[in-house]
Amino acid sequence: MTTPSDSALRVAVVGSGPAGVYACEALLNWSDNEDQSGRGIVVDLLDRLPVLYGLLRHGVAPDHPRIKGIARTLEGIAADPRIRFLGNVEFGTDLTLTDMRDHYHAVIFATGALDDRRLGIPGEELDGSYGAAQFVTWYDGHPDSHPEWRFTAERAAVVGVGNVALDVARMLVRTPEQLEPTDIPEHVRVGFGTNITRVVSVIGRRGPAYAKFTPLELREMDKVDGTTIVVDPDDLEYDDEARELRESDRRVGQVCTQLEKWAEAQREAGLGTADEAEAAALAAGDRVVRFRFHRSPVEITGSDGRVSGLRMEITEPVPGGRVRGAGRTEDLPVEAVYRAVGYRSAGLEDVPFDPETATIPNDSGRVLDSVGGTARPGLFTAGWIKRGPTGVIGTNRSCAVETVGTLTAELETGTLPEPPRPDPQAVRDLLADRGVDVVDGEAWLAIDARERQLGEDAGRERTKLPGRAEMLDTARSARSRSH
Ligand code: NAP
């Protein structure tokens, strides 16, 4: 490890989700292996939350501990003494772009995407119409989410056939007992006791060959006790193009095969139609997740301001993997609609933003003033706000490596601006002057230890603290103990 000198490169990474932490890792690797100047590096990892790991903590479903295991890798990176965590610090409010330019040679924006894309159809504003992220952040215990979720629907529709739709559908049929081993805050687990959902319909506007599911995540649907998966056999038809895709793409083939297995199991049980299969599962006391394809939502219908149904246009395939309306509609009676049609990044104060793609215009991670425009020296971006909300967590590693490669190339060519106040203490003093209750690495470790203790008391690895106030209280008492 290179010991940073007084003239160390000062970098701020805004956002401590996977992309931000992987950017830290790439910066450390550069400093250890490629930095010819030997000046070393000191990185401030900023987050508006008092806790680390972004969507890994507040986006991955709690019943996916396999993916949460990535946290251990990220922990190792964040524990490097050259990385300084500054949590509970909001870019744009607590620190402005001008402040960043004053204190850092370079800033990497890695703030991700946590807003929901909208469908743009009538009825989206009705009570009972939700963006997936609203539900996900609630069940994942995001400190800013409302503490209660009102489960008022026996029948719900989830629009979209990606992995977020699978997470939402699976969580909608969970019981508090099934969530016992997970890290969710206790109030969320108890909240699942009010879950009256019986049937969840997952709606794809194209055919099954175009579903974005990954096979592993789709198969996991089968492992929820007390839930039957229902597939409409009539939906499992392919035109030539879809058949070709199914044969050439292994993932697509596995997804289609899994859906067919469920349809086949229904047939073998003497349940020819999806309606029969659904009725039989409900009569047996099961909950149902039902996949429906070739249906494009056109309106969320309501009565008395509440969702009462989802109107869908039946679609048919046209060349290019697209669909068109077949001129018929179908009304699905549901009391809740969850849109899982993709996330959207939010723009950042004074940072260029392309509203069309909801990303920061960039060239290999170098921020541009507009799409295809000129570079903004010293500003970089990584992760979902750089490239859009796609890919698995590991995709953010290569994405961050590219960005850091661009940054260090600029350092080597001398194009990074020199900040007037590079001393690491200067930014802490500024935040203190502004009365910001910074959660530093030590305070985060206290929050982490408290959550592990709460988990241990309940026989699990961790129980998340329920809100920001509890996190800040834990941080404060740790500080007062150490003084
Ligand atoms: P996604 O994979 O892009 O899926 C979005 C879905 O919404 C697609 O089926 C899309 O259909 C549909 N859609 C978009 N606009 C629509 C409209 N107007 N009407 C009807 N349907 C519409 O996005 P995501 O599910 O939000 O996932 C984001 C990323 O996170 C993905 O890379 C995903 O794999 C990853 N992720 C992974 C996991 C995991 O467990 N491994 C969990 C969650 C998320 P079209 O294809 O027809 O546009």
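Buried area is the accessible area (1.4 Å probe) that two parts lose on being put together, summed over both. With that in hand, here are some close-ups of this predicted model.

**View 1. Two domains share one chain.** The protein chain divides into domain 1 (9–113 + 345–438) and domain 2 (116–343). If you look for their C-alpha centres, you will find them 34 Å apart.

**View 2. Domain 1 meets domain 2.** Here 17 residues of domain 1 are in contact with 19 residues of domain 2. Between them, the two domains bury about 1400 Å², and carbon and sulfur atoms give 54% of that area. On the domain 1 side, look for H58, P62 and D63: this trio supplies 40% of the area that domain 1 buries against domain 2, more than any other three residues.

**View 3. Salt bridges in the model.** The count between domain 1 and domain 2 is 3 salt bridges. Zoom in on the side chains of R174 and D63, which meet in a salt bridge at 2.8 Å, N to O.

**View 4. The second largest pocket lies between the domains.** Domain 1 and domain 2 both give residues to the lining of this pocket, so the pocket lies between them. The space inside is about 490 Å³.

**View 5. A closer look at the pocket lining.** The second largest pocket is lined by 23 residues, and P65, K68, D183, E461 and R462 lie nearest its centre. Elements that give two or more residues to this lining are α2 (54–58), α3 (65–68), α4 (70–78) and α16 (441–457). By residue type, the lining holds 13 charged, 7 nonpolar and 3 polar residues.

How values were computed:
Residues are numbered from 1 along each chain as its sequence is written. This is a predicted model: local features need pLDDT of at least 70, side-chain atom pairs count only at pLDDT 80 or more; totals for chains, interfaces and linings use all residues. Side-chain values use heavy atoms; hydrogens and water are left out. On a 1 Å grid over the protein atoms alone, a cavity is a set of points where a 1.4 Å probe fits but cannot get out, and a pocket is an open set with protein on both sides within 12 Å along at least five of seven lines; lining residues have an atom within 4 Å of a point. Grid points are joined across faces, edges and corners, and a volume is the space filled by probe spheres set on the points. Helices (H or I, at least four residues) and strands (E, at least two) are DSSP runs, numbered from the N terminus. Ala, Val, Leu, Ile, Met, Phe, Trp, Tyr, Cys and Pro count as nonpolar, Asp, Glu, Lys and Arg as charged, and the others, Gly among them, as polar. Domain bounds come from an automatic or database domain assignment. Contact means heavy atoms within 4.5 Å. A salt bridge is a side-chain nitrogen of Lys or Arg within 4 Å of a carboxyl oxygen of Asp or Glu.
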